[in-house]
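Visitor: I would like to go through some charged side chains and the words used for them. Please show me the structure.

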Amino acid sequence: MDPRLDPLDQPSVVVALQTGPRRAGDTEATELDALFRLHYGRLVRALTLVAGDRELAADAVQEAFVKAHLRWRRLQHYDDPVGWIRRVAINCLGDGHRRRGRKEQALERLHGDATRGAQTDTDSTHEAMSRRTGDTDGVMALLQALPRQQRICVALFHVDGLSVAEVADALGISEGAVKFHLHQGRERLRSTPGLRAGRTTPDLPPPHPHDLPPHDLPPHDGGPRP
Amino acid sequence: MSDFDDLDLSRRLRAAAGDDPDLASAHAAVGRRVRRVRRTRAAVLSSTAVVLLVVGTVAAMSPNGTDRRVGVADA
C-alpha cells in the first residue's frame, strides 16, 4: 500500500493521535471563546449605555454567555448565535433592572423614605450616573432620559455597530421602528448644546481604538454592513 | 453608509461607553459561573436519583405490598 494513501499518515490524524481524541467540550470552549473575545467588549460597551452602569451591563453579558455555554449543543446550529446571546443579554439587563427597581422600592418602603425618593430630582440622578460611568460630557445622562427601546436602538447601532436590520432582529421589531427610534434618539441627543451638529470639539477625548466609524468595523456575523 | 450614521454622535457615544472591559477576568468569571451552574444541576440530579432510589426500595420492601392476600373470614 502506498504510504501516501495511508489515512493514519495524514498530518491531522497524527496530531489527533498525539493530542488524544477531540472532545465535544473542546469544540464548545474554542468556538465560544472566539465569540467571547470578538463580541464581549462591544456588547458590554453598548449595554453600558443602555443600563447606565458598567457592572450591570457586564453582569448581563456574562449571564448571557453562561446560558450560551449551557445550551451550546443547540445554539451552535443557529444561524446567528451572537444574536441569541445579544437578545439574552438585553433581557437579562431588563430583568436585573426590574429586580433592582423592586428592591429599591422595597427598601424605600422599609425605611419610610418614599416621599423623599419621590422628590429626588432627575438631574441629580443623572449627575450621579455620569459620575459613576466617568461620562464627561453628559451623554450618558441624556441617554438615560430616552425611552429604553430608543436607548437600545441607539446603543446597538452606534456602539455595537449593527445595521438597522440587525438591530430590528435583535429587538424583534420592524426596521421602520428602528429607524424611527434612531431618528428620535438622534434628534433628542442633538438638541443638547454639546452634541449639536457642526460643533467644533476641542475638548473631545482622544479617539478610542474602537471609535472607528461603523462602516470600518469588522463585518458583524460574517455579513457586511449595508 | 446609512442615513442614520452620524460619526460625531457615534464617537461621543463610544467615548461615553468607556474602555474595553478586561477580557481575562470576565472570561474567568463566566467559567466560574458555568461550573457553578453545572455543579448545582449535577447535585440536583443526583439528589433526585437518590430520593427516587430510597422511595423505590422502601416501597418494594414494604409488607403492605401488592401480594397481600385476603384471609378467609372466621365463621
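Visitor: Why is B:Arg33 called buried?

Guide: Buried means under 20% relative accessible area, exposed over 50%, and partly exposed in between (1.4 Å probe, protein chains only). B:Arg33 has 14% relative accessibility, so B:Arg33 counts as buried. This is a predicted model, where local features need pLDDT of at least 70, side-chain atom pairs count only at pLDDT 80 or more, and totals for chains, interfaces and linings use all residues. Residues are numbered from 1 along each chain as its sequence is written, chains are lettered from A and ligands numbered from 1 in the order in which they are written, and side-chain values use heavy atoms, leaving out hydrogens and water.

Visitor: Why is A:Asp59 called partly exposed?

Guide: The relative accessible area of A:Asp59 is 42%, so A:Asp59 is partly exposed.

Visitor: What makes B:Arg33 and A:Asp59 a salt bridge?

Guide: A salt bridge is a side-chain nitrogen of Lys or Arg within 4 Å of a carboxyl oxygen of Asp or Glu. The closest N and O atoms of B:Arg33 and A:Asp59 are 3.1 Å apart, a salt bridge. B:Arg33 lies in helix α2 of chain B and A:Asp59 in helix α3 (residues 54–70) of chain A, so the pair joins two chains. Helices here are DSSP runs (H or I, at least four residues), numbered from the N terminus.

Visitor: What links A:Arg42, A:Arg86 and A:Asp160?

Guide: A network of salt bridges links them. A:Arg42 meets A:Asp160 at 3.3 Å, N to O, and for A:Arg86 and A:Asp160 the closest N and O atoms are 3.1 Å apart.
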